[in-house]
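Open the model in your viewer and keep the selection tool at hand. The stops below go from the whole chain to single residues.

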Amino acid sequence: MQDRTYTADAEPGDHVTVAGWVHEVRDLGGIAFLILRDSAGRIQVKFEKDEMDEELVETGLGVSRESVVSVTGAVEEEPRAPTGVEVTPEGMEVVAPADPELPLDPSGKVDADLSTRLDNRTLDLRKDEVQAVFEVRAEILRAARETFRDLNCTEINTPKIVATGTEGGTELFPITYFGEEAFMNQSPQLFKQLIAGSNVERVFEIGPIFRAEEHNTPRHLNEATSIDFEGAFCDESDAMDVAEAVVRSAYEAVAENCTEELEALDLADDFEVPEEEFPRLTYEETIERINATGELDDQLVWGDDLPTEGEKALGEDVGSHYFITDWPSEIKPFYIQDHDDDEQLSTGFDLMHPTMELVSGGKREHRYEQLVDGFEQQGLDPEQFDYYTKMFRYGMPPHAGFGLGGERLVMTILGLENIREAVLFPRDRQRLSP
Ligand code: AMO
């Protein structure tokens, strides 16, 4: 729009046209105020009924909340106005009227449940605290990209329509690809390895992953954003260092660049950047510590997956982010390498926030024979993965990497109760639109 001034830039003495949404209209009798909101903030528009053009006053007072308007007038200092200035209008246009019946109240005075909010995201995002989540999310992704670039990684984009799954067959979404069965990709796992094995060496990708998980939980999505890393000549310890750097840089960036958003979310006073190095516990130590909390009915034994209550009990015990290393080989995927001196033990690791898993990773099996054996042990047909395994015959360096759940990172940094709050348009068991 030509010559439009953002509300935050309107200074006393200026003559401006501001444009945005009608936040509220307060009619005090002889005088009325319209609060206009745009992405930069809010500004008060003052209507003096006896002194102004009747039609202008009618337009200002008659407009419904959330209509889009543009107002032209002089900016004056007004200490009693919310931002210390107000506009005395000379002209006003209703650019796009809003139905007076709104499905949710963007002023936040009336609470809406999450489902109503997600059905009406455009209106929901007009609330400062909701917009703040997505500003923070954008800053977290920016910080992750910057950290990877500082670590000499190249950003890649890999296919999301694929011929095979990698993270367990039951969680695949099948689609039809020109008459052939194909799938939505569960992880860029195999592609990122194939690129790490080229001269590019160190890569990262931020993109969607698709998991046909049946269960609806506050921390699972059917389409999530994965922040992936893969590095040639890296081992699991190097990959853990990178994961830790990315997570820490996300907190630092939010603390430094999102002060207004943290205030809108009421987090400004308590926001903490994790300072200490994340401890690394072995899987064996982990199950011993979980058992010692006494929170589980049945004691965990070697080879068990960690139940959610166990993760929670340990998270409270540790009180910070922590890694779990040296998982039993049998519960890690085929592409994870075992330790040379003990093939029951894998190089796989998880990074945990005290409340949930954020990252899985490990050193990869880069030796052709062992890789093919691993497929067979997991009941997968190595021939289907020939496009992948054959590259391991042409000089595949040792390499390691990880996948970090983007929404879980946002959720844990902001303490959101439901992962859906960290996604604009979540996909879950009930939700395929909007
Ligand atoms: P994994 O399956 O553990 O590992 O996924 C990595 C991380 O992605 C996030 N995540 C999810 N977030 C929300 N909803 C989901 N349904 C969901 N599934 C996964 C989690 C999880 O820790 N290829 C490996 C990674 C690697 O080894 O590089 C993988 O995909 O935060």
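This tour says what to select at each stop and what is there.

**Before you start**

This is a predicted model, in which local features need pLDDT of at least 70, side-chain atom pairs count only at pLDDT 80 or more, and totals for chains, interfaces and linings use all residues. Residues are numbered from 1 along each chain as its sequence is written, and side-chain values use heavy atoms, with hydrogens and water left out.

**Stop 1: the whole chain**

Show the C-alpha trace. Along its principal axes the trace spans about 90 × 55 × 40 Å. Switch to cartoon: the chain has twelve helices and 18 strands. These are DSSP runs numbered from the N terminus, with helices (H or I) of at least four residues and strands (E) of at least two.

Of the 434 residues, 50% count as buried. Buried means under 20% relative accessible area, exposed means over 50%, and partly exposed lies in between (1.4 Å probe, protein chains only).

Now colour by domain. Domain 1 covers 7-96, and domain 2 covers 122-279 + 320-422. The bounds come from an automatic or database domain assignment.

**Stop 2: the ligand**

How many residues surround the ligand? There are 22, and the closest are Gln-189, Lys-192, Glu-357, Ser-360 and Arg-364. Colour this shell by class: seven residues are nonpolar, seven polar and eight charged. Here Ala, Val, Leu, Ile, Met, Phe, Trp, Tyr, Cys and Pro count as nonpolar, Asp, Glu, Lys and Arg as charged, and the others, Gly among them, as polar.

Next, look at polar contacts (pairs of N or O atoms within 3.5 Å).

- Ser-187: a polar side-chain atom lies 3.1 Å from a nitrogen atom of the ligand.
- Val-359: a polar backbone atom is 3.4 Å from a ligand oxygen atom.
- Gly-405: a backbone N or O atom lies 3.3 Å from a ligand oxygen atom.

On its own the ligand has 630 Å² of accessible area, and the protein covers 93% of that. The areas come from the Shrake-Rupley method with a 1.4 Å probe.

Which elements give two or more residues to the shell? They are helix 5 (189-196), strand 17 (356-363) and strand 18 (399-405). Strand 17 gives the largest share, five residues.

**Stop 3: along strand 17**

Stay on strand 17 and select Leu-358, which is in this strand. Leu-358 is buried, at 3% relative accessible area.

**Stop 4: aromatic pairs**

Show every Phe, Tyr and Trp. Rings (for Trp, the six-membered one) pair if their centres lie within 6.5 Å; planes under 30 degrees apart count as stacked, over 60 as edge-to-face and the rest as tilted. The count comes to 16 aromatic pairs.

Select Phe-148 and Phe-229. Their ring centres are 6.2 Å apart and their planes at 10°, so this pair is stacked. Phe-148 lies in helix 4 (residues 128-150) and Phe-229 in strand 11 (residues 223-232), so the pair ties together parts 81 residues apart in sequence. Phe-148 is buried at 0%, and Phe-229 is buried at 0%.

Now select Phe-323 and Phe-349. Their centres are 5.9 Å apart and their planes at 75°, so this pair is edge-to-face. Phe-323 lies in strand 13 (residues 322-325) and Phe-349 in strand 16 (residues 349-353), so parts 26 residues apart in sequence are tied together. Phe-323 is buried at 0%; Phe-349 is buried at 0%.

Then select Phe-334, Tyr-335, Phe-375, Phe-385, Tyr-388 and Phe-392, which form one aromatic cluster.

**Stop 5: backbone details**

Go to Asn-152, in the loop between helix 4 and strand 6 (154-155). Its phi is near 70°, a positive value in a residue other than glycine. Asn-152 is exposed, at 62% relative accessibility.

Move to Phe-178, in the loop between strand 8 (174-177) and strand 9 (180-184). Phe-178 is not a glycine, yet has a positive phi of about 50°. Phe-178 is exposed, at 77%.

Finish at Pro-434, in the segment after helix 12 (406-414). A cis peptide bond joins Ser-433 and Pro-434, with omega about 0°.

Definitions and conventions. Near = heavy atom within 4 Å. Polar contact = N/O pair within 3.5 Å; in protein donor to acceptor, adjacent residues only side chain to side chain.
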